[in-house]
Structure formats: structure tokens, C-alpha cells
Amino acid sequence: MSDVKFLAEETAKLDIKGFLDVEIDPTLDLFDEIERLKREKNAIVLAHYYQEPDIQDIADYIGDSLGLAQQAEKTDADIIVFAGVHFMAETAKILNPNKKVLLPDLNAGCSLSDSCPPPLFKAFKEKHPDHIVISYINCSAGIKALSDIICTSSNARQIVESLPLDQKIIFAPDKNLGGYINKVTGRNMLLWNGACMVHEIFSLEKITRLKERHPEAKLIAHPECEEAVLRIADFIGSTTQLLKFSETDEAQSFIVATETGILHQMQKNAPDKTFIAAPPDNACACNDCPHMKLNTLEKLYLCMKYELPEITMEEQLRVAAKRPIDKMLELSRQFGL
Ligand code: 13P
Ligand code: SF4
């Protein structure tokens, strides 16, 4: 079959499946192949900490949502391969209209982003015309376009604190992060009722029992967790902040209340320390994000080889969604983040 015909057939299947389902020669060393494709195509692989260990190890940069957006803004690569979820790759595309942005599996969505559909949010916003909108980056381009400033868990507090005390604010879509920021800043932001399925499912009861069994361990938690878990945490922060804390704090063991992918870097950075994944309220011992974990090394290799699936976006939407992201990046520079 000709390459053109092959690609046309695979692209048609891609529309249905969301990823390339092409057989890979089992003798190939995918690590070598991915490195070769990076060099040949001037491509960069950006990965979030929740990706599987092999993907983290092959990435050019691993980071939290803010770090990934900053890398996407400054890269001179021709192709950005995003090992993360859709809203992250979409953010990279918004910042790079002339670069090719690839996501190994288009099905890698986000429950938090899905909890805030643009038409419903638009109606909500219209009911509060005197409020400005700060949206957590875990949202669609449609929500970004309706926002004044984007934030991440690394800069949300500083962004909110940079606004006048009497400024009325809508915070979307994460009610847990929004509630936490309200608590630490003393604000009363109006919260959209969204949440992350991964961080909401931690069991307070099981974590409490774990703490009793490991009294020396510090509980570190992501602010997407529910208030009850945050209340008993020793440290709260974005994935990068949790990673730094686990490396620099004097404690030797940590109970980690966020997605388990981060444990790979924690263990790498502090091999002598002990990291225990906080248990969810189900039969599992640890907590994986089903969206993040849709990406595999095989899908990553295929998407680099065939340059598919690609993130595309209507230009008017891209321009509208870029404005609040630029604002966040500019404020983060001012804060030294
Ligand atoms: P950060 O890595 O920015 O803390 O975000 C966590 C998360 O849930 C990403 O989906
Ligand atoms: Fe979305 Fe939660 Fe998964 Fe992050 S961990 S991608 S917020 S569902």
C-alpha cells in the first residue's frame, strides 16, 4: 500500500479511535526511535508528572501545568509532542499557532475540564456582570475565551492576591482549589461547582489510618483534594511544589495525596526517602488518572512518526483563549515564578 493511501486510511480511523492503532515492529527499541524522531523532526516532548514512568524518562521537560505552559511558550522546536491531557496540548497550540502540536491520544480528556461546559458557564457569567473570571488552566479553550485570567495551582494564590480586595471574582472550574484559595486569601470568590475525579476520591478514613500507622510521615496534598483532606495535610501545593517539598523537607517519609505518577520523580529525586500513595475510596491502593494514563510509549512513538493526532483550533477561538493565558504568563514572570 502507498504511504499516502496508508495515511489516509489511518487518519479516517483516527477520527473514530482518537489515536493511531498501527502495529509496531516488536524488535524496535522505542526509546532509541523516539530520540531519533526528536532529532530528525526538531520535536520536543513535554510531559506532565502524571504520565507513566517511561514517558517521563523520555521527555525533554517534565513539569506541572505552569511549567509546561512556560516551556511551550519559549520552545523553538517545530513540533511539540504533548504527553499530558487535551487541555494542556490545547494550551500549547494556543501559544503556538504555527507549530504542530501532537497529543498521543485525543481521548485523554479531564473530568475537571468536562465539568464546565462553555454554554452553561457563559450563562452563569452573564448573571454576575460585575465579577471578573479567573479560570484554572484545567478547562477547555471555550472556557479560557470566557475568562480574564488563567491560573494554575502554582500561581493561583498570588494571582488572586494581586487583585484589589473589593474585586468580585468568579473562580472556575475547580471548587476545591477555589475553596482553598478563598481560605488562604480570606476572599469570597464565587465558585463553579467542578472537581477532579482523581483528587475527589481520596478516602479521609484510609488516610487517617495510614497516618496512624506511619506517624513519622508527612501528608502532602494537591489543592484539588477535598477540604477534609487538605485540613489534615502538612503541606499543600501544585505537583512541582509537592515534589520540591518532598526533596527538601527533613521528613524521611511522605503520604502523597495526588495522582501516583508523581511518585516516580519523587523517588528519583530522593531515593532514600519513602513515598506512600494516599489511598482512594475504592478497592485500589493508589490513584491513577484514567485520562493521563491513556498515553503510552507506543502511542507517543506512533504520533511522532506519523505526526498525528494533531491539535487544531479555530483562529478566533485561539486568539480569545490566548489573552488570559498571556496575562497569567506575564503575572507569573512578575512574581518570579
Ligand atoms: P499541576 O501539575 O499544575 O499541579 O496540576 C495537577 C493536575 O491535576 C493536572 O491535571
Ligand atoms: Fe483532570 Fe484530575 Fe486527571 Fe488532572 S488528574 S487531568 S485534573 S482528571
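This is a predicted model: local features need pLDDT of at least 70, side-chain atom pairs count only at pLDDT 80 or more; totals for chains, interfaces and linings use all residues.
So, Thr 239: one of its polar side-chain atoms sits 2.5 Å from an oxygen atom of ligand 1.

Residues are numbered from 1 along each chain as its sequence is written, chains are lettered from A and ligands numbered from 1 in the order in which they are written, and side-chain values use heavy atoms, with hydrogens and water left out.

Back to the ligand. There are 13 residues around ligand 1, and His 48, Ser 65, Ser 153, His 222 and Thr 239 come nearest; "around" here means a heavy atom within 4 Å.

Now the domains. The assignment, which is automatic or from a database, gives domain 1 as 3-109 + 292-313, domain 2 as 112-196 + 319-335 and domain 3 as 202-277.

What do domains 1 and 3 share? They bury about 910 Å² between them, with carbon and sulfur atoms giving 49%; that is accessible area, 1.4 Å probe, lost when the two parts are put together and summed over both. Tyr 49, Tyr 50 and Asp 64 supply 58% of what domain 1 buries there, more than any other three residues. In contact terms (heavy atoms within 4.5 Å), 11 residues of domain 1 meet 12 of domain 3.

Across that interface there are 2 salt bridges, the rule being a Lys or Arg side-chain nitrogen within 4 Å of an Asp or Glu carboxyl oxygen. Lys 268 pairs with Asp 57, closest N and O atoms 2.8 Å apart. On the domain 1 side, α3 (53-58) and β2 (61-63) each give two or more residues; helices (H or I, at least four residues) and strands (E, at least two) are DSSP runs numbered from the N terminus.

Last, some backbone details. Ala 172 to Pro 173 is a cis peptide bond, omega about -10 degrees, and Pro 173 is in the loop between β7 (169-172) and α10 (175-185).

Methods
A polar contact is a pair of N or O atoms within 3.5 Å; within protein, one must be able to donate a hydrogen and the other to accept it, and residues adjacent in sequence count only if both atoms are side-chain atoms.
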